[in-house]
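Please consult the sequence and the structure below while reading.

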Amino acid sequence: MLDDRLVQKFKDIVGGEYVLTSDMERTLYSYDAYLVPSLPDLVVVPANTDEVSRVVGLAHESGLAVTSRGAGTSLTGGPVPLKGGVVLHFSRMNKILDIDVANRTATVEPGVVTLDLQNAVAAKGLQYAPDPASQKTSTLGGNAGENAGGPHCLKYGVTTNHILGIEAVLYDGTVVDIGGPAMEMPGLDLVGVLVGSEGTLAVTTKLILKLIPQPEAIKTLLAIFGSINDASNTVSAIIADGIVPATLEMMDNTVIKAVEESMKAGFPLDAAAVLIIELDGLKDGFARLSARIQEICEKNKVTELKVAQSAEERMALWAGRKGAFGAISRLRPSYLVADGTVPRTKLPEVLNKVMELGREYGLQIGNVFHAGDGNLHPLILFDSRDPEETAKVNEVGSKILKICAEAGGTISGEHGIGFEKLHEMSFIFNDADIAFMRKMKEAWDPANRLNPGKILPEAAQ
């Protein structure tokens with residue numbers, strides 16, 4: 001336990017009710033959507049940048065680690081305080097500070113829920129494009145830390161493509177502004193360095209985000225296939241034809257059944273796989289693109305192609321896709337999400353190897369993923385209360401990422417590294433690569449106090 005005098009210093013900064021120290025409170029902030037918890041020494045809930053600066057400065061003086069936390073929806077252990085110390089929870093810093101319609105930017109605090117911003121800008125005819133499946137609960141600070149994606153990242157890119165500027169607090173409490181509202185700022189691209197760094201380099205306290213106009217028209221199609229290979233080949237064929245849909249999302253039969261039992265989204269229970277194909281943009285040309293997509297689907301043995309006839313039908317399909325992770329929990333108490341990316345042309349080969357692994361280890365695996373950019377999300381189902389089965393699942397998860405790397409892909413598409421994938425960093429980086437990244441970490445955080453134990457494996461002693 002921390003010295004009472006030190007705890008009081010934190011209370012003096014943010015107010016007594018916003019420093020949480022009981023066993024129950026600390027337990028609530030000890031875990032995310034991954035499998036391994038770790039208790040903080042205390043939880044501090046700041047109200048503004050000044051309080052964050054003073055809290056981080058005090059933690060630095062006191063030799064305490066600092067772990068930033070939004071909604072805790074990370075899937076790789078990102079906001080878990082492995083070294084104890086202070087969890088900075090941003091639920092009070094949840095304000096949309098400005099929506100600049102003329103310049104198409106939004107300025108927000110890190111605790112703003114993603115969907116809340118999307119709804120706010122939609123009312124002004126604008127769109128914030130990144131749309132992770134967790135958008136109803138995940139926060140924009142967390143999205144930035146993990147470089148979150150979502151179905152629409154195929155056309156619009158992931159979070160890093162939509163952040164113009166960041167206000168951040170450095171390891172010693174210093175506040176800096178990085179980037180800004182202009183599209184191209186001079187100097188080093190430190191915004192690019194911070195996005196995806198999972199809170200290991202600085203603490204984000206403000207974000208300037210790029211907005212885009214809402215599309216004039218949207219058309220959503222559901223393509224139904226008798227095999228995963230046919231669906232995968234369709235994805236490659238659509239992109240190879242020069243068509244870039246807003247989304248190309250795939251689900252296999254295991255996930256389809258779980259979703260339909262959960263919410264009746266309209267997916268056929270006898271399909272081996274379905275693709276959700278969405279076009280957006282100008283109305284002109286929609287008919288031609290739809291006809292061409294239908295031709296491509298037919299060449300790849302689609303059994304049926306449906307078009308959503310109303311906004312309600314479209315929303316039902318998307319509710320099914322974005323509710324898939326929750327629905328799959330009907331099948332087993334726990335699941336591990338393996339988040340890897342492969343070239344689109346390798347999808348059939350890699351998916352077959354993933355399913356072979358499941359059969360070899362006696363584990364059920366469902367697949368739901370961003371097929372358009374080859375970002376796989378095999379869901380390995382198990383019971384975390386069974387240590388033997390949990391060990392098998394971790395082994396299979398690592399092997400899946402190895403398969404992705406060997407196929408010319410990588411070990412994360414959008415869920416980050418956290419501490420789940422520390423070993424797997426060696427699949428894509430050599431010792432010199434990782435040593436160079438450690439030097440970057442040391443430059444930003446000399447004492448290794450900001451979210452220690454994440455992203456980079458420790459150097460051999």
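In what follows, contact means heavy atoms within 4.5 Å. Helices (H or I, at least four residues) are DSSP runs, numbered from the N terminus. The model is predicted: local features need pLDDT of at least 70, side-chain atom pairs count only at pLDDT 80 or more, and totals for chains, interfaces and linings use all residues. Residues are numbered from 1 along each chain as its sequence is written, and side-chain values use heavy atoms, with hydrogens and water left out.

**Helix pairs**

Axes are lines fitted to C-alpha atoms over the stretch in contact, and angles run from 0 to 180 degrees between N-to-C directions.

| Helix pair | Angle between axes | Axis separation |
|---|---|---|
| α13 (residues 347-361) and α14 (residues 387-406) | about 160° | 10 Å apart |
| α8 (residues 228-240) and α13 | roughly 150° | within 9 Å |
| α1 (residues 4-14) and α3 | roughly 165° | within 9 Å |

α1 is therefore roughly antiparallel to α3 (an angle over 145 degrees). The crossing of α1 and α3 is right-handed, a term for the near helix being turned clockwise from the far one by less than a right angle. On the α1 side the contact involves Leu6, Lys9, Phe10, Asp12, Ile13 and Val14, and on the α3 side Glu51, Arg54, Val55, Leu58, Ala59 and Ser62. Seven of these residues are nonpolar, one is polar and four are charged. In this classification Ala, Val, Leu, Ile, Met, Phe, Trp, Tyr, Cys and Pro count as nonpolar, Asp, Glu, Lys and Arg as charged, and the others, Gly among them, as polar.

Helix α13 takes part in two of the listed pairs. With α14 it is roughly antiparallel, and the crossing of α13 and α14 is right-handed. Val350, Lys353, Val354, Leu357 and Tyr361 of α13 meet Lys392, Glu395, Val396, Lys399, Ile400, Ile403 and Cys404 of α14. This contact comprises eight nonpolar, no polar and four charged residues.

The crossing of α8 and α13 is also right-handed. Here α8 contributes Ile228, Asn229, Ser232, Asn233 and Val235, while α13 contributes Leu347, Pro348, Leu351 and Asn352. By class, five residues of the contact of α8 with α13 are nonpolar, four are polar and none is charged.

On a 1 Å grid over the protein atoms alone, a cavity is a set of points where a 1.4 Å probe fits but cannot get out; lining residues have an atom within 4 Å of a point. Points are joined across faces, edges and corners, and volume is the space filled by probe spheres set on them. The whole structure holds one cavity of 30 Å³ or more.

Terms used
On a 1 Å grid over the protein atoms alone, a cavity is a set of points where a 1.4 Å probe fits but cannot get out, and a pocket is an open set with protein on both sides within 12 Å along at least five of seven lines; lining residues have an atom within 4 Å of a point. Angles under 35 degrees count as roughly parallel, over 145 as roughly antiparallel, 65 to 115 as roughly perpendicular and the rest as oblique.
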